[in-house]
Structures are given as C-alpha cells and as structure tokens.
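Please look through the sequence and the model below before reading on.

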Amino acid sequence: MRLNGEISDHEEEEEECGSLQPQKLVVGYALTSKKKKSFLQPKLEVLARNKGIMFVAIDLNRPLSDQGPFDVVLHKIAGKAWSELIEDYRQKHPEVTVLDPPDAIEHLHNRQSMLQDVADLNLSDCHGKVRVPKQMVITKDSLSIPDEVFDAGLKLPLVAKPLVVDGSAKSHELFLAYDRFSLSELEPPMVLQEFVNHGGVLFKIYIVGETIKIVRRFSLPNVSKRELAKVGGVIRFPRVSSAAASADDADLDPGIAELPPNPLLERLARELRCRLGMRLFNIDMIREHGTRDVFYVIDINYFPGYGKMPDYEHVFTDFLLNLVQSKYKRPPPIAAA
C-alpha cells in the first residue's frame with residue numbers, strides 16, 4: 001500500500017491480466033443529485049471513458065434486476081427501502097461488486113456504533129496511539145442532560161453531534177458546550193464527546209480500496225482553561241471541516257501540521273476495511289495538542305466527498321479497474337499429486 005495518492009502495484013496486475021481485461025467496465029450508480037454533482041465531475045467521466053469505464057445511472061423507478069448488466073454498483077441513497085432492495089440484489093447477483101454492503105453502511109449511520117471498531121483496536125506498535133474521545137449517547141429528555149453528564153464524569157468542553165448520520169446538512173452540525181447546564185438547550189438524540197485540543201487542524205483520511213490520501217483541514221481552535229472558566233453557553237458550528245477550510249498550504253507549526261505516520265495509517269485503514277467490511281470511507285482524525293503520537297478518531301463517513309480529494313479521478317478509476325481485473329485473473333494451476 002502507498003500513501004498520498006500513490007496507487008498500489010496495479011501496473012503489475014494489468015500486465016498479468018493482459019487480454020483477460022474486459023473491454024468495458026460498466027458501473028451502475030444510484031446517487032442523490034447532490035452526490036452525483038460532486039462526484040461525477042466532467043474530469044472523472046472523461047478519464048473513465050478513456051479507460052473503458054462507463055457510468056450508467058440506475059433508474060430508481062424500475063426493478064434493479066431488469067437493468068444492467070453491471071460490473072459494479074456504486075450507491076449512496078438513504079432509506080430502509082433502498083437498503084433492502086440493494087441487499088436483495090447483492091444476494092441474487094454475487095458476480096456484481098456492490099460498493100458497499102448496506103449493513104456495513106448502516107453501522108456508520110449511528111455515531112454510537114461508528115467508533116466502536118476503533119476503540120477495539122490496539123495499534124500501539126505502529127508508531128503512535130489511536131483513541132476515541134470519551135462519549136455518551138443522549139436519546140431523550142433534554143432537562144436531564146446536565147445530571148447525566150455529571151454522573152458519567154465527562155469533562156468540559158463537550159462536542160454535541162446528532163446521533164444519526166443521514167447525509168443531510170443537519171447531521172454534520174455540531175455544538176461546543178462550555179458548561180453542562182447549557183446542554184439542556186440541545187435537542188436529542190445526540191452524542192456528547194469530550195473535546196480534545198488539537199491545534200485547530202484535522203486530518204481527513206480518504207480510503208479508496210487500498211489507497212490512502214490525506215488532506216489537512218482547519219478545525220475548532222484549542223480551548224484554554226481560562227477561556228473555559230470565562231465562556232458559557234453553547235456555540236453552534238454548521239460544518240467545521242470543508243474543502244474551503246483546507247490547511248494544506250497554511251503556514252502551520254510543524255508540530256501541528258505533521259501528518260500521522262504512514263505505518264499507523266496503513267494499519268488503521270487495513271483494520272477498519274476488514275472490521276467495517278467497506279472499501280469507500282474516510283476517517284476524521286486529530287492529534288492531541290502537545291503530543292506527537294497520540295491521535296483521536298472523531299468521525300468515520302461512508303462514500304465521502306471524493307470530488308474534494310486531490311487527484312481523485314485517477315485514484316477512483318484505477319480502483320474500479322483493479323476491482324474487476326482481480327475477478328478475471330486465472331486461478332493458479334493445481335499441483336500434481
């Protein structure tokens with residue numbers, strides 16, 4: 001595996017496949033209009049055509065089995081009905097690669113379960129430590145939140161996030177609470193996470209199969225003890241990390257800007273691909289301020305905004321070709337008894 005946009009050794013795979021590579025790769029897609037606009041940009045479609053990849057829109061008003069045939073189905077549609085439909089299709093058409101399984105995606109729709117796979121990891125031998133913030137889930141009764149927070153021993157300030165991640169703008173809103181009593185103003189269901197000072201920089205780690213790309217984004221600034229004592233209430237942040245908040249070209253303190261070590265990212269990505277059963281996701285990671293090797297994963301998202309990832313069209317088309325080429329490789333010869 002190689003990082004920062006360098007693709008795995010697919011060149012060798014292409015030579016091995018030779019004439020076995022199919023002439024055309026058909027990718028059926030079911031995306032919201034917003035996701036289609038951000039992902040299927042002209043630069044991707046042109047490069048895909050040049051590589052023999054066709055993107056075909058799936059008609060949501062027709063039975064999926066009547067459409068195609070597809071080599072790959074790429075989807076990001078919310079709702080139980082779609083999840084059941086695509087799971088049924090997956091069972092009936094095992095020859096088609098579905099990106100990704102609906103039950104795996106559902107796991108990331110809930111912030112209560114989202115980070116559990118990270119919490120279960122032990123990456124202490126990979127040049128760093130990866131943790132998750134201490135958190136609790138609030139499902140009802142806003143007035144009881146201050147007491148629940150006190151009983152759970154969570155330390156202020158706290159980040160409040162919607163419990164359900166459904167792709168809407170509201171699901172990406174967050175609030176920073178400086179005192180626990182103001183939390184009763186918030187609307188459950190939500191997750192409360194202890195805020196970790198991280199120098200105002202977040203690492204957005206994009207996973208596309210075995211390829212990893214990292215970008216720096218500006219995030220919430222550090223909160224001092226003095227500020228915590230003076231400031232009260234809850235501050236709303238509509239969306240903290242966005243492409244417009246890129247920090248890659250900013251003049252940052254090297255201790256803040258330094259990327260997480262490659263062995264740590266490779267191991268984390270490999271473990272999460274396996275545990276989540278997914279190939280398209282991103283990890284939001286921060287470094288605890290004042291440390292060099294203590295990192296926190298604060299969010300994981302399925303099929304993120306790849307259009308904002310540098311060189312995404314090359315990464316994604318190579319990924320799709322490698323997916324299908326692996327199916328057409330000749331099986332190894334059986335050794336004589």
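The sections below cover the model itself, a sheet with a helix across it, and a leucine.

## About the model

This is a predicted model, in which local features need pLDDT of at least 70 and side-chain atom pairs count only at pLDDT 80 or more, whereas totals for chains, interfaces and linings use all residues. Residues are numbered from 1 along each chain as its sequence is written, and side-chain values use heavy atoms, with hydrogens and water left out.

## The sheet and its helix

Five strands form an open sheet in the order 6-9-7-8-12, and their pairing is antiparallel. Its edges are strand 6 (135–138) and strand 12 (234–237), each of which pairs on one side only. Here strands (E, at least two residues) and helices (H or I, at least four) are DSSP runs, numbered from the N terminus, and two strands pair if DSSP finds at least two bridges between them.

Within the sheet, strand 7 (residues 158–162) and strand 9 (residues 190–194) are joined in the antiparallel sense over five bridges, and Pro162 has Met190 in strand 9 as its bridge partner. Helix 8 (residues 145–152) lies across strand 6, strand 7 and strand 9, and runs at about 150° to strand 6, where angles run from 0 to 180 degrees between N-to-C directions of axes, which are lines fitted to C-alpha atoms, for helices over the stretch in contact (heavy atoms within 4.5 Å).

## Leu276

Leu276 lies in helix 11 (residues 262–276). Is this residue buried or exposed? Leu276 counts as buried because its relative accessibility is 6%, and buried means under 20% relative accessible area, exposed over 50% and partly exposed in between, with a 1.4 Å probe and protein chains only.

Leaving aside neighbours within four places in sequence, Leu276 is in contact with Ala104, His107, Leu108, Asp117, Phe281 and Ile300. Leu276 and Asp103 are 173 residues apart in sequence, while their C-alpha atoms are 9.5 Å apart in space.
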